[in-house]
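Please read them with the sequence and the structure side by side.

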Amino acid sequence: MSGSFLPPEFAILPVALYKSLQGKYFVGYADNLTASPGKNAWAGLFNPVGSGVILYVNVITVTNVMGIPFAGEFWFNALFPGPGTPTRSELYTPSNTAIRPLPEPKVAILELSEASPVDPSVGTKIYSQLVAEESTVVFEEKGKYIFPEGGSLVVRLNEIASETIGRVAFGWWEEPCS
Amino acid sequence: MKEETNNMNLPEIAGIPIDLYRSMQGRFFAGLAEDLQFGNGTSAWASLTNPVDSGVNLFVWAWAITDVLDTAYRVQIWMNAMMPGIPRISLNVAPTNTAYMPLPVPRVRLEYASMTAGEPVGGVKAFVRRGQPGVSIYSVEDGKFICPPGGSFAIFLSDPETPQIRASGKIFYQWWEEETVGI
């Protein structure tokens, strides 16, 4: 084969690596979400108003620790009804730990256990599937779930048939708003 | 690291995957059809339906079938067929880029129907799968299934092997839309 027709070679950096090199990529999770029958629980990535960044969600995982399946639902930009005050998860880190000082995310992981089963009044449920006992489902979205300041992606654990423990983890990057 | 240990020196570029790129452009959408009931000799389906006057081509990025628990079942993928029954339109549809202003509205509709009689008419049965109870099917198609205005991409669920069993499930789609080239 003639070498004159060979295309140039490049080393391709996957986008998550590229964002991590820049200190823009973070991972984190909500541990031990609990819900009893008649309740549910949720955890989500929340991009605060005034954050100055746009949120790009790359990875979502939903883990069922206990022995009965529950429904894992993805909600875009929903407002979840009380009662109960969500707490901020402290379980997060930049994926690039070689940068000094360590980057701090603007986006927060908020979570609420034993939450109201009422559907949110705004927002869109774009996915739902049963998560089997003692299993993890993984979604790799390559950053195409995108949220502005004030936006959110929430994973709700629903259809709770018995005492449930779940974990929800995220990988995301943040870009300054232009 | 000693540089002389490795003489590879290719230019490095950052690759933006096409699904991320289309989402950044506000062209990418996701949607869910729930409570699809079939069995007892009936079928269910969910389709991405591209209206005749949409002005866009439909590119199917990915589809999933989840939560069929009670039986093994047939999956048929139909392109550009007339699907049986009276379709409903799913409202569980959103642009994946919710930071894009104004918020993009899809031209393609996510339609679905339960407990339908008969087979799809016309079009092409493009491929088939077998589904196992409780096992999700998630297939990334990379946008290679492309339907023009007036076309559709449909997933048809049935269970003729055990017609005494009732079943239900959910179908999820991700797709993008591009303007058709002018005449």
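This is a predicted model: local features need pLDDT of at least 70, side-chain atom pairs count only at pLDDT 80 or more; totals for chains, interfaces and linings use all residues.

1. B:Ala167 belongs to strand β12 of chain B, which covers residues 166-179. Leaving aside residues up to four places away in sequence, B:Ala167 touches B:Phe38, B:Gly39, B:Val68, B:Asp70, B:Thr71, B:Tyr73 and B:Asp159. B:Glu178 is 11 residues away from B:Ala167 along the chain, and the C-alpha atoms of the two are separated by 36 Å.

2. Strand β12 also has a place in an open sheet of five strands in chain B, whose order is β7-β2-β12-β4-β10 and whose pairing is antiparallel. The edges of this sheet are taken by β7 (93-95) and β10 (137-147) of chain B, and since each has a single partner strand, one side of each is left without a neighbour in the sheet. On average, and with direction ignored, neighbouring strands of this sheet are turned by 20° against each other. Strand β4 of chain B (residues 56-66) runs antiparallel to β10(B) and is joined to it by seven bridges; within β10(B), B:Tyr138 is the residue that stands opposite B:Ala64.

3. As for chain B as a whole, one helix and 12 strands are assigned to it, and along the sequence they follow the pattern β-α-β-β-β-β-β-β-β-β-β-β-β. The chain has 183 residues, of which 40% count as buried, and its C-alpha atoms fill a box of roughly 70 × 45 × 30 Å along the principal axes. When contacts in chain B between residues at least 6 apart in sequence are considered, 91% of them join residues at least 24 apart.

4. Which elements of chain B give two or more residues to the side that touches chain A? The contact involves 28 residues of chain B and 27 residues of chain A, and on the chain B side the elements in question are β1 (12-14), α1 (18-24), β2 (28-39) and β12. Of these, β2(B) gives the most, with five residues. Sorted by class, this side of chain B has 13 nonpolar, 10 polar and five charged residues. The two chains also meet through strand pairing, in that strand β1 of chain A (residues 11-13) and β1(B) pair in the parallel sense over three bridges, and A:Leu13 stands opposite B:Ala14 in β1(B).

5. Chain A likewise has an open sheet of five strands, in the order β7-β2-β12-β4-β10 and with antiparallel pairing. Its edge strands are β7 (92-94) and β10 (135-147) of chain A, each of which pairs on one side only, and the twist from one strand to the next averages 15°. Strand β4 of chain A (residues 53-64) is joined to β10(A) by nine bridges, and the two run antiparallel; A:Val57 has A:Tyr145 as its bridge partner in β10(A).

6. Strand β11 of chain A (residues 152-158) deserves a look of its own: seven of its seven residues are buried, so the strand is largely enclosed by the rest of the structure. A:Ser152, A:Val154, A:Arg156 and A:Asn158 point one way from β11(A), whereas A:Leu153, A:Val155 and A:Leu157 point the other way, and all are buried. Strand β3 of chain A (residues 40-46) pairs with β11(A) in the antiparallel sense over six bridges, with A:Leu45 opposite A:Leu153. Strand β5 of chain A (residues 70-76) also runs antiparallel to β11(A) and is joined to it by six bridges, and here A:Trp75 has A:Val154 as its bridge partner.

7. A last point concerns the nonpolar core. In the largest one, which has 88 residues, A:Leu55, B:Trp45, B:Ile155 and B:Trp175 touch the most other members. Not counting residues up to four places away in sequence, A:Leu55 touches A:Leu45, A:Asn47, A:Val107, A:Ile146, A:Phe147, A:Gly151, A:Trp172 and A:Glu174. As general background, nonpolar side chains tend to be buried together in soluble globular proteins.

Technical notes
Residues are numbered from 1 along each chain as its sequence is written. Chains are lettered from A and ligands numbered from 1 in the order in which they are written. A nonpolar core is a set of buried Ala, Val, Leu, Ile, Met, Phe, Trp, Tyr and Cys residues joined through C-beta atoms within 7 Å. A residue is buried if 20 or more other C-beta atoms lie within 10 Å of its own, exposed if 12 or fewer, and partly exposed in between; C-beta atoms are placed from the backbone. Two residues are in contact if their C-beta atoms, placed from the backbone, lie within 7 Å. Helices (H or I, at least four residues) and strands (E, at least two) are DSSP runs, numbered from the N terminus. Ala, Val, Leu, Ile, Met, Phe, Trp, Tyr, Cys and Pro count as nonpolar, Asp, Glu, Lys and Arg as charged, and the others, Gly among them, as polar. Two strands pair if DSSP finds at least two bridges between them. Axes are lines fitted to C-alpha atoms, for helices over the stretch in contact, and angles run from 0 to 180 degrees between N-to-C directions.
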